[in-house]
Amino acid sequence: MSSTFRRAAALAVALFPLLGLALRAVLGGRVAPELALGVFYLCALPAVVMLGLSKGGFSGIGMVSTPLVALVLPPLQAAAILLPIILLQDALSCWVYRRNWDFWNLKVMLAGAVLGVGAAWLFAAHVSDGMIRLVVGLIALGFVAYAFVT
């Protein structure tokens with residue numbers, strides 16, 4: 001992937017959530033439920049497409065999916081909505097690569113997964129939605145900065 005494409009993608013990833021935050025500030029609580037549902041689908045559909053593209057080989061583009069849905073929902077609810085989609089994609093990937101796997105890799109990744117799930121549970125149970133939004137935003141900005149540096 002060329003560095004120009006990486007930088008353009010990183011800039012798009014940085015600007016799209018800022019547009020959503022600006023719209024949220026302008027509209028505030030004056031949005032009808034039907035329009036709010038439309039805004040949800042406007043954010044959720046591209047997020048799901050980006051998840052699919054990231055599983056299909058465009059690595060990095062999937063990192064914007066959770067922050068994108070978190071623009072219209074609380075971040076934990078956004079992650080919970082996207083989790084079944086990610087699990088189905090991973091199950092399909094496991095089926096496709098069922099004959100090409102290594103037990104050592106599974107053992108190493110499973111230990112990290114157990115620790116990560118435990119840390120995420122503690123984090124989600126004791127931290128407010130606003131703090132989670134801040135952390136998700138900082139991680140996204142870190143990825144954008146990393147894309148510009150490399």
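Visitor: Which residues have the most contacts inside the largest nonpolar core?
Guide: The model is a predicted one, and its largest nonpolar core has 14 residues. Such a core is a set of buried Ala, Val, Leu, Ile, Met, Phe, Trp, Tyr and Cys residues joined through side-chain atoms within 4.5 Å, where buried means under 20% relative accessible area, exposed over 50% and partly exposed in between (1.4 Å probe, protein chains only). The residues with the most contacts inside this core are Phe40, Leu68 and Val69.

Visitor: Which element gives the most residues to this core?
Guide: Helices (H or I, at least four residues) and strands (E, at least two) are DSSP runs numbered from the N terminus. Two or more core residues come from each of helix 2 (33–55), helix 3 (65–69) and helix 4. With six residues, the most is given by helix 2.

Visitor: What pattern does the protein follow along the sequence?
Guide: There are six helices and zero strands. Read along the sequence, the pattern is α-α-α-α-α-α.

Visitor: Which residues does Phe40 touch, leaving out residues up to four places away in sequence?
Guide: Contact means heavy atoms within 4.5 Å. Phe40 is one of the residues with the most contacts inside the largest core. Beyond four places in sequence, the residues touched by Phe40 are Val69, Val72, Leu73 and Ile81.

Visitor: Which residue forms a salt bridge with Asp90?
Guide: Side chains of opposite charge can pair when their charged atoms come close. A salt bridge here is a side-chain nitrogen of Lys or Arg within 4 Å of a carboxyl oxygen of Asp or Glu, and the count comes to one. At 2.3 Å between the closest N and O atoms, the partner of Asp90 is Lys55. The pair links distant parts of the chain, 35 residues apart, with Asp90 in helix 4 and Lys55 in helix 2.

Visitor: Which residues form a nonpolar patch on the surface?
Guide: Patches are made of residues with over 30% relative accessible area and no salt bridge, like charges being joined within 9 Å and nonpolar side chains (Val, Leu, Ile, Met, Phe, Trp, Tyr) within 5 Å. Areas come from the Shrake-Rupley method with a 1.4 Å probe, and for residues only the protein chains shown count as cover. Tyr97, found in the loop between helix 4 (75–96) and helix 5 (103–126), counts as exposed because its relative accessibility is 53%. With about 490 Å² of accessible area together, the patch is formed by Leu92, Trp95, Val96 and Tyr97.

Notes:
Residues numbered from 1 in each chain as written. Predicted model: local features only at pLDDT ≥ 70, side-chain atom pairs only at ≥ 80, totals over all residues. Heavy atoms only, no water.
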